[in-house]
Amino acid sequence: MKSVLFNILGSKKNGTGHIYRALSLAKEINLNYKIIFITNRTQKLAIQNLKKTNYVFFAYPEKKIFKQIKKHSPDIVINDVLSTNKNNIKFLKRNSIKVINFEDLGNGNLSADLTINEIYQKPKKNTKKILWGEKYFFLRDEFVKQNKNKFKKIKNILLFFGGSDPNNLTLKTLKSIYFSAEKFNIKILIITGIGYKNISNLKKFIKNKKNIILINNTKKISHYMQKVQIAFTSNGRTTYELAHMNIPSIVISHNKRESQHKFASIKNGFINLGKFNKKKFLFNNLNLQFVNLIKNTNEYKKLYNSMLKINFSLGRQRVKNAINKIEKLF
C-alpha cells in the first residue's frame with residue numbers, strides 16, 4: 001500500500017495553523033494511501049492535537065526528522081514546517097520520495113516537486129514549481145459550510161490573535177479598546193487558542209466587566225465569526241478566513257515573517273497596523289482606528305464591500321489539482 005507522510009509543526013511559537021491545514025488535507029486523501037504524521041518532539045501542540053485523532057503519528061528529535069522520514073519510506077512527503085533546507089529536501093528526493101512543501105521561503109522550496117505559498121505574494125522572479133497567493137488558500141471544512149456575514153451595524157467584535165498569541169496581543173488590545181467598546185455598548189468576543197499562556201491574567205482583567213465573552217480553544221471558530229462585524233487579529237491564515245466571512249479587521253503582525261503577508265490590506269478590507277514592537281507600537285492608534293469605524297459607517301462599509309469580491313471556494317480544488325499532478329492523492 002502506498003503512503004503519504006505529513007511532517008508538521010505546532011507549538012506556542014508556531015501556532016496551530018499547520019496542524020489544521022494538514023488534517024484538512026489528510027481527510028480528503030483517498031483510501032489507497034496509508035497516512036502517517038510526524039513532528040519533532042518540541043512541537044507540543046502538534047503532539048497534543050494528533051493524540052486526539054485516529055492517525056498514526058511519531059515524534060522525533062528535530063535533527064533526526066528527515067532520516068526518520070526515509071526509514072518510513074513514504075511515496076510522498078508533505079512538509080508544513082515553514083522554511084526547509086535544500087539539503088534535507090534533496091536527501092528525500094535521492095531516496096525516490098516526492099516532496100510537497102507549504103508556506104516555505106527556505107532554500108528547500110526550489111528542490112521540492114511543488115511548493116504552495118498561499119500567504120505570500122508572487123515575486124518578480126518565479127518558477128512554476130512554486131505557487132503563490134491567496135488563490136491557493138485551502139479553506140478549512142468548517143468555513144466551506146458556513147454562511148457568510150451580511151452587512152450590519154457594529155454591535156459585536158472579535159479578538160483572536162492565533163493559537164498561541166506569543167505577544168499577548170489579546171490582552172493588550174482588550175485593554176486599549178475596552179472603554180471605547182463600553183461607551184458604544186459593543187460586545188466583545190475573545191477567542192484564545194490552545195497555546196495561549198496568559199489566560200489567568202486575561203481572566204483577571206475581564207472579571208466583573210460587562211459585555212465580554214471568553215472562549216478558550218474552540219474547534220469551530222467560524223461559528224463565532226458569524227456573530228461579529230469587526231475583528232482584531234494577527235497577520236496569518238486567519239485573515240483569509242475573516243475575508244471569506246466578510247469581516248473587516250484590524251491587523252497586527254506578530255513577527256517579521258507575518259509582516260511579509262501582504263493580503264491584509266485596505267483593498268481587501270483590512271486596516272493593517274504593521275509589526276508589533278514592544279517599544280514603538282501605539283495601541284492608542286489601534287483604539288482610534290476602532291472608534292473611527294464605529295462612528296464612520298461609510299468607512300466601515302467600504303471595507304466590507306472590498307471583501308465581497310474575494311472568493312476562496314476554488315482554492316481547495318486548485319491545491320488538490322496541483323498535488324495530483326505530483327501524486328494522485330485525491
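This is a predicted model: local features need pLDDT of at least 70, side-chain atom pairs count only at pLDDT 80 or more; totals for chains, interfaces and linings use all residues.

Trainee: How many of the residues lining the second largest pocket are charged?

Mentor: The lining includes Glu134, Lys135, Lys309 and Arg318. It also includes Phe263, Ile310, Phe312 and Leu314, as well as Asn268, Asn311 and Gly315. By class, the lining has four nonpolar residues and three polar ones, and the number of charged residues is four.

Trainee: What radius of gyration does the protein have?

Mentor: The protein has 13 helices and 13 strands. The globule rule gives 20 Å for 330 residues, so the protein is as compact as a globular protein of that length, with a radius of gyration of 20 Å.

Trainee: What box do the C-alpha atoms fill, and what share of the residues is buried?

Mentor: Taken along the principal axes, the C-alpha atoms fill a box of roughly 65 × 40 × 40 Å. Of the 330 residues, the share that counts as buried is 58%.

Trainee: Is strand S4 covered or exposed on its faces?

Mentor: Strand S4 spans residues 76-80, and five of its five residues are buried. On one side these are Ile76, Ile78 and Asp80, and on the other Val77 and Asn79. Both faces of S4 are therefore covered, since buried means under 20% relative accessible area.

Trainee: Which strands pair with S4, and what is the hand of the crossover to S5?

Mentor: S1 (residues 2-8) pairs with S4 in the parallel sense over five bridges, and Val4 has Ile76 as its bridge partner. S5 (residues 98-102) is also parallel to S4, over four bridges, with Ile78 opposite Ile100. From S4 the chain passes through helix H4 (residues 86-94) to S5, and this β-α-β crossover is right-handed.

Trainee: Which residue of S12 is the bridge partner of Thr233?

Mentor: In S11 (residues 230-234), five of five residues are buried; Ile230, Phe232 and Ser234 point one way, and Ala231 and Thr233 the other way. S8 (residues 156-160) runs parallel to S11, joined by four bridges, and Ile157 is paired there with Ile230. Four bridges also join S11 to S12 in parallel, and S11, H9 and S12 make a right-handed β-α-β unit. The bridge partner of Thr233 in S12 is Val251.

Trainee: Is Asn246 buried or exposed?

Mentor: Most residues other than glycine have a negative phi. Asn246, which is not a glycine, has a positive phi of about 60°. The residue lies in the loop between helix H9 (238-244) and strand S12 (249-253). Because buried means under 20%, Asn246 at 7% relative accessibility counts as buried.

Trainee: What relative accessible area does Asn217 have?

Mentor: Asn217 also is not a glycine and has a positive phi of about 60°. Its place is the loop between strand S10 (212-216) and helix H8 (221-225). Asn217 is partly exposed, and its relative accessible area is 29%.

Trainee: What distance separates the C-alpha atoms of Tyr55 and Gln68?

Mentor: Tyr55 sits in the loop between helix H2 (44-50) and strand S3 (56-60). Tyr55 is partly exposed, with a relative accessible area of 26%. Tyr55 and Gln68 are 13 residues apart along the chain, and their C-alpha atoms are separated by 17 Å.

How values were computed: Residues are numbered from 1 along each chain as its sequence is written. Side-chain values use heavy atoms; hydrogens and water are left out. On a 1 Å grid over the protein atoms alone, a cavity is a set of points where a 1.4 Å probe fits but cannot get out, and a pocket is an open set with protein on both sides within 12 Å along at least five of seven lines; lining residues have an atom within 4 Å of a point. Ala, Val, Leu, Ile, Met, Phe, Trp, Tyr, Cys and Pro count as nonpolar, Asp, Glu, Lys and Arg as charged, and the others, Gly among them, as polar. Buried means under 20% relative accessible area, exposed over 50%, partly exposed in between (1.4 Å probe, protein chains only). Helices (H or I, at least four residues) and strands (E, at least two) are DSSP runs, numbered from the N terminus. Two strands pair if DSSP finds at least two bridges between them. A crossover is right-handed if, with the strands pointing away from the viewer, the path from the first strand over the helix to the second runs clockwise. The radius of gyration is taken over C-alpha atoms; the globule rule is 2.2 Å times the number of residues to the power 0.38.
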